[in-house]
Amino acid sequence: MSEPEFIEARSPQPSFTVETAKVLAEVAHNRQKDKLKRPYRDHVIAVGDALADFDDDIRIAGYLHDIAEDTPMTRQALLDMGVSERAVDIIERVTKRLHENPDDYQAGIRYIAEDHDATLVKIADNAHNSLPERVKALAEKWPDKPPVTRYNDARPVLYAAVPVEETRKILARINPWLLEELDDMLDEADDTDYENLSYDDAPAGAGAAAPGGSPADETEPAPD
């Protein structure tokens with residue numbers, strides 16, 4: 001009787017992880033500097049970190065959101081490394097040079113806002129570029145140039161494209177100073193006439209008593 005034959009089991013190849021994306025981002029942008037001559041890798045890492053409340057594809061795209069813009073990395077190279085098609089699609093959508101008209105910034109923002117996942121990444125990118133300390137430093141370095149307002153103009157478009165609680169999660173991590181601006185935008189968008197609002201105008205079920213006689217807790221609907 002012949003010896004039993006054992007087939008060597010192949011261990012699954014490791015997938016491209018969030019940590020791999022973070023390392024790749026650090027390496028890919030290692031020698032690059034931003035307008036203030038600061039290490040550009042700090043920006044891409046901050047954007048990826050700001051998306052910690054979301055799934056791996058979105059987080060990976062956050063760390064790699066500028067890799068197709070600022071390095072020779074191609075779509076196929078990313079796929080060959082194990083980056084998912086979904087993550088690569090997000091990266092490509094937020095890559096300005098791949099837009100139909102790269103010089104039209106607001107058109108690019110509207111294009112990004114058509115995709116939920118890409119919008120989250122762009123909100124994080126926008127928020128980090130809008131940190132008060134950075135804005136102040138840019139103004140001090142170029143005092144003769146008018147303030148750049150394109151980031152401000154982009155935010156309402158981006159915020160309108162995703163559930164507000166998702167935006168709050170990102171801002172709380174990367175730029176809490178923008179939370180007040182977000183609340184102001186929401187107040188401006190609320191056209192309810194509270195001065196003339198009567199009890200009969202309240203939505204059905206509002207103020208319903210919870211067990212025990214106290215008003216039911218109000219909760220936000222789950223994100224789509």
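**View 1. Lys 37 sits in the loop between helix H1 (18-28) and helix H2 (41-50).** Helices here are DSSP runs (H or I, at least four residues), numbered from the N terminus. This is a predicted model, in which local features need pLDDT of at least 70, side-chain atom pairs count only at pLDDT 80 or more, and totals for chains, interfaces and linings use all residues. Residues are numbered from 1 along each chain as its sequence is written, and side-chain values use heavy atoms, with hydrogens and water left out. Although Lys 37 is not a glycine, its phi is positive, at about 65°. Lys 37 counts as exposed at 62% relative accessibility (exposed means over 50% relative accessible area, buried under 20% and partly exposed in between, with a 1.4 Å probe and protein chains only).

**View 2. Thr 95 is found in the loop between helix H6 (85-93) and H7.** With a relative accessibility of 0%, Thr 95 is buried. Look for His 65, Ala 68 and Glu 69, which Thr 95 contacts once its neighbours within four places in sequence are left aside (contact means heavy atoms within 4.5 Å). The C-alpha atoms of Thr 95 and Asp 66 are 6.7 Å apart, while 29 residues separate the two along the chain.

**View 3. Tyr 105 and Tyr 151 form an edge-to-face aromatic pair.** Their ring centres are 6.4 Å apart, with 75° between the planes. Rings of Phe, Tyr and Trp (its six-membered ring) pair if their centres lie within 6.5 Å; planes under 30 degrees apart count as stacked, over 60 as edge-to-face and the rest as tilted. Tyr 105 belongs to helix H7 (residues 105-112) and Tyr 151 to helix H10 (residues 150-159), so the pair ties together parts that are 46 residues apart in sequence. Tyr 105 is buried at 16% relative accessibility, and Tyr 151 is buried with a relative accessible area of 16%.

**View 4. Two arginines lie over tyrosine faces.** Arg 150 lies over the face of Tyr 105, 4.4 Å from the ring centre. Arg 93 lies over the face of Tyr 111, at 4.1 Å from the ring centre. For a charge to sit over a ring, NZ of Lys or CZ of Arg must be within 6 Å of the ring centre and within 35 degrees of the ring normal.

Notes:
Helices (H or I, at least four residues) and strands (E, at least two) are DSSP runs, numbered from the N terminus.
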